[in-house]
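I opened my notebook for a friendly look around a new model. Here are my entries, in the order I made them.

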Amino acid sequence: MNLQPYPKPSITERIKIAAHYLLPQLLLTQCAGWLAQRRWGKVTHFIIDRFARHYRVNWQEAQKSKPGDYATFNEFFTRTLKDGARPIIADENTLCLPADGRVSESGTIDDNRLLQAKGHLFTLEDLLAGDTELAAQFRNGTFLTTYLSPRDYHRVHMPCAGTLRRMIYVSGELFSVNPFLAQHIPNLFARNERVVCVFDTEYGPMVQILVGATITASMSTVWHGVVNPPRQDGVREWHYPADGETAVHLAKGEEMGAFQLGSTVVNLFAPGRVSLHERLQAGAITTMGECLGWAVK
């Protein structure tokens, strides 16, 4: 684990960091959410076109391949892909990447500490809203943090087959989660609003966390729908049975949730169960469905 301090920010960078502390995060997020739902016809199509050009969105892989195909910006942002655009790695002993994006950090959890960026650590207990029993299951385990940029496909999928047992909504800040701020704002992922999803899998317990951010208008899951808004202080929790009509079973590569405007996904695996692919170092590009790692035999 790289604990070297990150170089001190320049004056310009310090101003940029301070601005994020001063921004009215919730108001900006609420406004972004409202605007993203407007049905303004040609105006909406123009905004989508400008956004797609600026961020070089790949239209060729989308099911709807023109700005005019989308009634709202949110429909575009959570766009689905053509069948076969993201093949799921088939080896039964292999896990797949849950999202398009880039690796923020990855590796072994040092007792209960995860690496956010050079010089910044945060704890399992903080990330998991103080749930010490849940945190204990992942001490010395493995983690992968994936940052989704504005250009990326924003649906999140399962790295392996799993049965949902708990969903925990944790209120929090709405800092941007881009790589620059991850390097400069301590405890970022454990401070921001997030949805913690706990699964039983053949690799032991697995947690997949959707982390909110500035102008991330909402996070949703396939079994619940939109989790936020409403936004409430504190922690809300849902429990799910392992069997029966209300049980939630998801296959490897199956969609589990989505962001309306982008953010970050954190995966936690129990110790001694999963070995990450060696290429998944900070900055590596991730493509949903490609190899995340292997079962430890």
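Which residues form one aromatic cluster? I looked this up before anything else, keeping in mind that the model is predicted. The cluster is made of Phe51, Tyr55, Trp59, Tyr70, Phe73, Phe76 and Phe77.

**Entry: aromatic pairs**

I then turned to pairs of rings and found ten aromatic pairs in the structure. One of them joins Tyr70 and Phe76, edge-to-face, with 5.9 Å centre to centre and 75° between the planes. Another edge-to-face pair is Phe199 with Trp223, at 6.1 Å centre to centre and 80° between the planes. Phe199 belongs to strand β8 (residues 194-201), while Trp223 sits in the loop between β10 (218-221) and β11 (225-228), so this pair ties together parts that are 24 residues apart in sequence. Phe199 is buried at 0% relative accessible area. Trp223 shows 18%, and because the cut-off for buried is under 20%, Trp223 is buried too.

**Entry: Asp100**

Next I asked myself what the side chain of Asp100 makes a polar contact with. I found the side chain of Arg86, at 2.6 Å. The Asp100 side chain also reaches the backbone nitrogen of Met288, at 2.8 Å. Asp100 is placed in the loop between β1 (94-96) and β2 (101-108), and its 6% relative accessibility makes it buried. Leaving aside neighbours within four places in sequence, I listed its contacts, among them Thr146, Tyr147, Leu148, Asp152 and Tyr153.

**Entry: the nonpolar patch**

On the surface I noted a nonpolar patch formed by Leu35, Trp40, Val43, Phe46 and Ile47, with about 490 Å² of accessible area together. Which helix gives the most to the patch? I found that helix α3 (residues 42-55) does, with three residues. Val43 lies in α3, and at 46% relative accessibility I logged Val43 as partly exposed.

**Entry: positive phi**

Last, I looked at backbone angles. Arg56 has a phi near 55°, a positive value in a residue other than glycine. Arg56 is found in the loop between α3 and α4 (73-77), and its 66% relative accessibility makes it exposed. Ala129 is not a glycine either, yet its phi is positive, about 60°. I located Ala129 in the loop between α5 (124-127) and α6 (132-136), and I noted it as partly exposed, with a relative accessible area of 34%.

Notes. Residues numbered from 1 in each chain as written. Predicted model: local features only at pLDDT ≥ 70, side-chain atom pairs only at ≥ 80, totals over all residues. Heavy atoms only, no water. Patch = residues over 30% accessible without salt bridge, like charges linked within 9 Å, V, L, I, M, F, W, Y side chains within 5 Å. Areas by Shrake-Rupley, 256 points an atom, 1.4 Å probe, with all protein chains shown as cover. Salt bridge = Lys/Arg side-chain N within 4 Å of Asp/Glu carboxyl O. Helix = DSSP H or I, 4+ residues; strand = E, 2+ residues; numbered from the N terminus. Buried < 20%, exposed > 50% of the residue type's maximum accessible area, 1.4 Å probe, protein only. Polar contact = N/O pair within 3.5 Å; in protein donor to acceptor, adjacent residues only side chain to side chain. Contact = heavy atoms within 4.5 Å. Phe/Tyr/Trp six-rings, centres within 6.5 Å; stacked < 30°, edge-to-face > 60°.
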